[in-house]
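Please walk me through the salt bridges in this model, one selection at a time. I have the structure open in a viewer.

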Amino acid sequence: TGIFSVVFLKRKLGRHQWLGMVVVLIGLTLVGVSSIMGPSDSNNAPNPVGGVIVIVIAQLVQATQMVVEEKYLTKYEGIEPLQAVGWEGFWGFLVLSTLLVPMYWIPGSATGGRLENAPDAFVQMGNSVQVMIAILGNIVSIGFFNFFGVTVTRTISATTRMVLDSVRTLVIWVFSLMIGWQKFQYMQAVGFPFLVLGMFIYNGSLKVPGLQYDDDKKHQQPLEEDAESKHLANSGLVEGTLSQRRRKASLHDVLGLSIGFEMFSKYCTEARSRENLKFWGAVERFKHGGGGGSRDDALAAQQARIIMETYVTNSAMHQVNLPAKLRRALEERMEAGDLDRMMFNTAQECIYDLIQRDVFPRFKNSTAFEEFIDILEEHHRNTEIGESKQETEDPDEHRGITIKPTLRVG
């Protein structure tokens, strides 16, 4: 799933995430090998090697499903996890119900010499309350399992979902040992700790020396723009308690700071709402990228086409939620060649309002906003210390000099 996400979704995974997946794979390999080398009941597992091969193929199919799910959940932000699970269940029920008809007439090992005997299954459910309860329990369990899985995919990523899902095998193994369904094998006891270790490494809960993590990047890129210092001083982010800053902070305050844009962008990515912010940024660069002349006209046309194909048209990979009338107006302007660097202003304002109403209030109530405020306070303290030291060393020499901030961004 990680490889497919990088190839098809163009996602970027950190080195600790790749290492975590490798450790998880080692754990799964040890557990799988134990089923081949260990003693088995010939009636229950006549061909364990074939079973493992089928499982590997199934994992490739599942990885494809996970990536497709993430693509559509990212592209169509209005799809809720419960809605996605419902549609998957509907189409799965429709397809399998249709396939059960020809399967009934294909020779096999089921009752009556059929490949699948659906009528006999209904008879068994009618004759056994235990079978009925087990089937209903399985339906409810799978429903919740898929709902939580799709929620993880939508909120974080398909790769994270599969890393967490691999640990489910550990729970099944422990339960099987407790009720006597499986005999203890030492290779499994060695393999499952690798699963847990890999999950911790992937999520960054266990940090490996020498590898870089997202929270370490806060101390890498200096902000040295005087304009941003003035913007910060005039914003509602400087003074007051955390709750007061949450009330006063505006989207303009946050986007006017590079650290604010970085952290809000990261939050939007995690919240599956980054397309709107990326569109806003692309239009902002488009508006201020002109230099005049025929060469600029050709460049503007090329940039406008990229924005349209990426965010606006019905076939756009990262389509943003614009009114249909406005979308058609922009498409007509592109077809007529009526282009200028202000053509996306109305669309940008619509998306800005959407961000301000939807994801920004959630950002202000998140831990990411608290981290953002902590970084601003650290910057403010460092600036005050720097000013104090300069005044102590030589008040006259440094009078009137602007102290450039030492704010670090992620």
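The stops below go through salt bridges in a predicted model.

**Overview.** Six salt bridges are present in the structure.

**Stop 1: select Glu-370 and Arg-246.** Their side chains form a salt bridge, with 3.1 Å from N to O. Glu-370 is partly exposed at 32% relative accessible area, whereas Arg-246, at 18%, is buried; the cut-off for buried is under 20%.

**Stop 2: select Glu-284 and Lys-287.** Here the salt bridge has an N to O distance of 3.6 Å. Both residues belong to helix α14 (residues 274-287), and they are three residues apart, about one turn of the helix. Check the surface again: Glu-284 counts as partly exposed, with 25% relative accessibility, while Lys-287 is buried at 18%.

**Stop 3: select Asp-358 and Arg-362.** The closest N and O atoms of this salt bridge lie 3.1 Å apart. Asp-358 is partly exposed, at 36% relative accessibility, and Arg-362 is also partly exposed, with a relative accessible area of 36%.

**Stop 4: select the network.** Which residues are joined by salt bridges that share partners? Pick Arg-333, Asp-338 and Asp-340, which form one network in this way.

How values were computed
Residues numbered from 1 in each chain as written. Predicted model: local features only at pLDDT ≥ 70, side-chain atom pairs only at ≥ 80, totals over all residues. Heavy atoms only, no water. Salt bridge = Lys/Arg side-chain N within 4 Å of Asp/Glu carboxyl O. Buried < 20%, exposed > 50% of the residue type's maximum accessible area, 1.4 Å probe, protein only. Helix = DSSP H or I, 4+ residues; strand = E, 2+ residues; numbered from the N terminus.
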